[in-house]
Amino acid sequence: MDQKFLQLTVNFLVRAILGLGLIFLINGCIADSTSSWIVGLNLFTFLTAGVLGVPGVCVLYGIQFFHLL
């Protein structure tokens, strides 16, 4: 059980860090053109990226898109 918990924790942290890095890169690319598309880096985005991974990052940008409508 201890091995499985460690594996789940490491997987969560890797997904969360890569997800936040992806958000940071996307925000850097779109910051000049439209600042209203930017997704913030906070605990909610960390948890979403950690649980869902890259699809979670897409969900965050989808929520931001529908918020603009």
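Let me start with a contact: F44, T45, T48, A49 and L52 of α2 meet V54, P55, G56, V57 and L60 of α3, contact being heavy atoms within 4.5 Å. Sorted by type, these residues are seven nonpolar, three polar and no charged. Ala, Val, Leu, Ile, Met, Phe, Trp, Tyr, Cys and Pro count as nonpolar, Asp, Glu, Lys and Arg as charged, and the others, Gly among them, as polar.

This is a predicted model, where local features need pLDDT of at least 70 and side-chain atom pairs pLDDT 80 or more, while totals for chains, interfaces and linings use all residues. Residues are numbered from 1 along each chain, and side-chain values use heavy atoms, without hydrogens and water.

Helices here are DSSP runs (H or I, at least four residues), numbered from the N terminus. The axes of α2, residues 43-52, and α3, residues 54-68, come within 6 Å and cross at roughly 135°.

Now T48, in α2. T48 counts as buried because its relative accessibility is 13%, and the cut-off for buried is under 20% (1.4 Å probe, protein chains only). A polar atom of the T48 side chain lies 2.8 Å from the backbone oxygen of F44. Beyond its neighbours within four places in sequence, T48 touches G53, G56 and L60.

Last, α1. In α1, A16, G19, I23 and N27 are buried. The buried residues of α1 pack against α2 and α3.

Key: Axes fitted to C-alpha atoms, helices over the stretch in contact; angles between N-to-C directions. Helix = DSSP H or I, 4+ residues; strand = E, 2+ residues; numbered from the N terminus. Buried < 20%, exposed > 50% of the residue type's maximum accessible area, 1.4 Å probe, protein only. Polar contact = N/O pair within 3.5 Å; in protein donor to acceptor, adjacent residues only side chain to side chain.
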